[in-house]
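Colleague: I would like to learn how to read a protein model, one feature at a time. Please give me the general idea first and then the case at hand.

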Amino acid sequence: MKNLILFAALALFTIPALAQEHKAMTEEVPLAVKQAFQNKYPGKVVTGWETERGHFEAEYKVDGTKYEAEFDAVGTWIETEYSVKMAEIPQPVKDAWKKTDYTKWNIMSTKHIETPSQANIYEYEVKKGKQTVELQFMPDGTQLSKEAK
């Protein structure tokens, strides 16, 4: 019985940990991912790697701003994001944000995101209590998505 309780407790703490991102050693990153990063961002230097859900995220800096470029395990580019200040967010995005149900929530971060299909996405990550939501907008203020985390 003690072993069953110990196993259950171990599983309770281990399973969530496996789903979280973790720092990856450069040797763990597939060569195809490293090459895809260099092809996409020639001359940029990776300052660290993270893995999450089978994807690899390269961290690098441009003019002091930290960027994160995400690739799948075969090197397909998924997205690149970096933090932006409120002053850098287009006014139509700010106006659209003000029309959401989340304006009373705490803004945890604001980001600019590029994907293969969309070059300019602005994201608000907001939190209230234990709830976290990400809202994404086009530069013209069109809301693309709302995702609870």
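Colleague: How many of the residues in the protein chain are buried?

Modeller: A residue is called buried under 20% relative accessible area, exposed over 50%, and partly exposed in between, using a 1.4 Å probe and protein chains only. In this chain, 36% of the 149 residues are buried. The model is predicted, so local features need pLDDT of at least 70 and side-chain atom pairs count only at pLDDT 80 or more, while totals for chains, interfaces and linings use all residues. Residues are numbered from 1 along each chain as its sequence is written, and side-chain values use heavy atoms, leaving out hydrogens and water.

Colleague: Which residues touch the most other members of the largest nonpolar core?

Modeller: In soluble globular proteins, nonpolar side chains tend to be buried together. A nonpolar core is a set of buried Ala, Val, Leu, Ile, Met, Phe, Trp, Tyr and Cys residues joined through side-chain atoms within 4.5 Å. The largest one here has 27 residues, and those touching the most other members are Phe 37, Trp 49, Phe 71, Tyr 102, Tyr 124, Val 126 and Leu 135. Two or more residues of this core come from each of α2 (31–40), β3 (55–62), β4 (65–71), β5 (77–83), α3 (91–98), β7 (121–128) and β8 (131–137).

Colleague: What is Tyr 102 in contact with?

Modeller: Contact means heavy atoms within 4.5 Å. Setting aside neighbours within four places in sequence, Tyr 102 is in contact with Trp 97, Val 126, Val 133, Leu 135 and Lys 146.

Colleague: Which residues of α2 are buried?

Modeller: Val 33, Ala 36 and Phe 37 are the buried residues of α2. They lie on the same side of the helix, because they cover an arc of only 100° around its axis. The arc is that of the directions from the helix axis to the C-beta atoms. Leu 31 and Asn 39, on the other side of α2, are exposed. The buried residues pack against β2 (48–52), β3 and β4.

Colleague: Now for charged residues. Which side chain of opposite charge is nearest to Glu 57?

Modeller: Lys and Arg count as positive, Asp and Glu as negative, and His and the chain ends are not counted. A salt bridge needs a side-chain nitrogen of Lys or Arg within 4 Å of a carboxyl oxygen of Asp or Glu. Glu 57, in strand β3, is buried yet has no salt bridge, and its nearest side chain of opposite charge is Lys 66, 6.5 Å away. Beyond four places in sequence, the contacts of Glu 57 include Trp 49 and Glu 68.

Colleague: How many salt bridges are found in the whole structure?

Modeller: Five. One of them joins Lys 111 and Glu 81, whose closest N and O atoms are 2.9 Å apart. This pair links distant parts of the chain, with Lys 111 in strand β6 (residues 106–114) and Glu 81 in strand β5, 30 residues apart. Lys 111 counts as buried because its relative accessibility is 17%, and Glu 81 is buried at 11%.

Colleague: Last, the backbone. Where is Arg 53 placed?

Modeller: Most residues other than glycine have a negative phi. Arg 53 has a positive phi of about 50° although it is not a glycine. Arg 53 sits in the loop between β2 and β3, and is exposed with a relative accessible area of 64%. Asp 63 also has a positive phi, near 50°. Asp 63 is in the loop between β3 and β4 and counts as exposed at 81% relative accessibility.

Terms used
Helices (H or I, at least four residues) and strands (E, at least two) are DSSP runs, numbered from the N terminus.
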